[in-house]
Amino acid sequence: MTLEEQRQAVIITYVNLMRIKAHEKGENKELEYQIRVAKVMLQNFGIDYSELEL
């Protein structure tokens, strides 16, 4: 997998997690953890995810 493909996969993962969060009712600690992990990965790739947040 190329670096660009990895970057794209992380973006898609983050967007999907945010989509789930938008429809989640109540607290979901696992979802919040996965979002934090995805944010770290995006930061490591130098991707600004602020425009992707809800």
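**Exercise 1. Classify L3 by its accessibility, and place L3 in the fold.**

With a relative accessibility of 55%, L3 counts as exposed, because the class of exposed residues begins over 50% relative accessible area, while buried means under 20% and partly exposed lies in between (1.4 Å probe, protein chains only). The model is a predicted one, in which local features need pLDDT of at least 70 and side-chain atom pairs count only at pLDDT 80 or more, whereas totals for chains, interfaces and linings use all residues. Residues are numbered from 1 along each chain as its sequence is written, and side-chain values use heavy atoms, with hydrogens and water left out.

L3 belongs to helix α1, where helices (H or I, at least four residues) and strands (E, at least two) are DSSP runs numbered from the N terminus. Between the C-alpha atoms of L3 and Q34, which are 31 residues apart along the chain, the separation is 21 Å.

**Exercise 2. Describe how α1 and α2 pack, beginning with the inventory of elements.**

The protein contains 2 helices and 0 strands. The angle at which α1 and α2 pack is about 150°, and their axes are 10 Å apart; axes here are lines fitted to C-alpha atoms, for helices over the stretch in contact, and angles run from 0 to 180 degrees between N-to-C directions. The two helices α1 and α2 are therefore roughly antiparallel, since angles over 145 degrees receive that label, those under 35 count as roughly parallel, 65 to 115 as roughly perpendicular, and the rest as oblique.

On the α1 side, V10, I11, Y14, L17, M18, I20 and K21 take part, and they meet L31, E32, Q34, I35, A38, K39, M41 and L42 of α2, contact meaning heavy atoms within 4.5 Å. The residues of this contact divide into 11 nonpolar, 1 polar and 3 charged, with Ala, Val, Leu, Ile, Met, Phe, Trp, Tyr, Cys and Pro taken as nonpolar, Asp, Glu, Lys and Arg as charged, and the others, Gly among them, as polar.

**Exercise 3. Identify the largest nonpolar core and the elements that supply it.**

The largest nonpolar core consists of 10 residues, namely V10, Y14, L17, M18, L31, I35, A38, L42, I47 and Y49; such a core is a set of buried Ala, Val, Leu, Ile, Met, Phe, Trp, Tyr and Cys residues joined through side-chain atoms within 4.5 Å. Two or more of these residues come from each of α1 (3-23) and α2 (29-44). When residues up to four places away in sequence are not counted, L31 touches L17, I20, K21 and E24. Over the protein, buried residues make up 19% of the 54 residues.

**Exercise 4. Determine where L54 lies and what L54 contacts.**

L54 is found in the segment after α2 and, at 70% relative accessibility, counts as exposed. Apart from neighbours within four places in sequence, L54 is in contact with M18 and A22. The C-alpha atoms of L54 and Y14, 40 residues apart along the chain, are separated by 11 Å.
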